[in-house]
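Student: Could you take me on a close look at one part of this model, residue by residue? I would like a single connected walk through its packing.

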Amino acid sequence: MQPTTFGGPASNSFRDRTTTSGCGNVRGVVLDLAQVRAFVAAVDHRHFGRAARALNVTQQALSKRVARLETALGARLLERGPGGVEVTAAGERLLPGARRMLEVADRAVAEVRQTPVAPLRVDVWGEVHPPARLVRAAARERPEIVVEISMRRDLPIAVGALERHELDLAFGNVANLKRPLPGEMSAELVTTDPIAVLVNARGALAARDHVTPADLAQHGI
């Protein structure tokens, strides 16, 4: 059983799409916000396909936006590897400023539209895991609410994002954390995820239909 937790400052709006595009000029380099948003999404999801789905664009379109951003900046920002997208050193340097750009742009659009309430930014770990389904189901039940989903697939990284106020909620197994949650955060059990256990056919647990963490602990697992 894997406890799922969340924490961080609360908000009351959800978003699962992007609405902002535009550009800015930094030392003669034109930065298109759609390209910057594509880069940030690829970093958050660690996968071009998942990032494209989150932005409601094709994977080819997202790849082109990132490539154009890299061309404009004259630096490689992302590398595709067997485990997904990896951020280069140049990408790591760009990322904090890129997030601030998008935050300012989204705030400006919200103020113009007189909808200043920020979205609820939720990290759901991964696409096929229960938190993603729970959050999307909640959003469907409340169509007036917008959710902004990310999938960092790493709870310590998500906790760091909570500390930097880049996230409002994060799901993950707190048993895997090597340090306590910061004092301003709270955690509670939201859902559990059944997992398979491979045991010896002649062992004490072989005849059981299901086992609990306490059962495993008694046998040194």
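Tutor: Leaving aside residues up to four places away in sequence, Val36 touches Leu31, Leu69, Ala98, Met101 and Leu102, where contact means heavy atoms within 4.5 Å. The model is a predicted one, in which local features need pLDDT of at least 70, side-chain atom pairs count only at pLDDT 80 or more, and totals for chains, interfaces and linings use all residues. Residues are numbered from 1 along each chain as its sequence is written, and side-chain values use heavy atoms, with hydrogens and water left out.

Val36 is also one of the residues that touch the most other members of the largest nonpolar core, along with Phe39, Val40, Leu62, Leu69, Leu77 and Leu78; this core has 26 residues. A nonpolar core here is a set of buried Ala, Val, Leu, Ile, Met, Phe, Trp, Tyr and Cys residues joined through side-chain atoms within 4.5 Å, and buried means under 20% relative accessible area, with a 1.4 Å probe and protein chains only. Helix 1, helix 2, helix 3, strand 4 (84-87) and helix 4 (89-112) each supply at least two residues; helices (H or I, at least four residues) and strands (E, at least two) are DSSP runs numbered from the N terminus. Helix 1 gives the largest share, 8 residues. Apart from this core lies another, of 11 residues, including Leu120, Val122, Val124 and Ile149.

The axes of helix 1 (residues 33-45) and helix 3 come within 8 Å and cross at roughly 110°; axes are lines fitted to C-alpha atoms over the stretch in contact, and angles run from 0 to 180 degrees between N-to-C directions. Helix 1 is therefore roughly perpendicular to helix 3, a term for angles of 65 to 115 degrees. On the helix 1 side, Ala34, Gln35, Val36, Ala38 and Phe39 meet Leu62, Arg65, Val66, Arg68 and Leu69 of helix 3. These contact residues divide into 7 nonpolar, 1 polar and 2 charged; Ala, Val, Leu, Ile, Met, Phe, Trp, Tyr, Cys and Pro count as nonpolar, Asp, Glu, Lys and Arg as charged, and the others, Gly among them, as polar.

Helix 1 also holds His45, which counts as buried because its relative accessibility is 2%. Beyond residues up to four places away in sequence, His45 touches Arg50, Ala51, Ala54, Ile149, Ser150 and Met151. Ile149 you have already met, in the core of 11 residues.

Technical notes
Parallel < 35°, antiparallel > 145°, perpendicular 65-115°, else oblique. Buried < 20%, exposed > 50% of the residue type's maximum accessible area, 1.4 Å probe, protein only.
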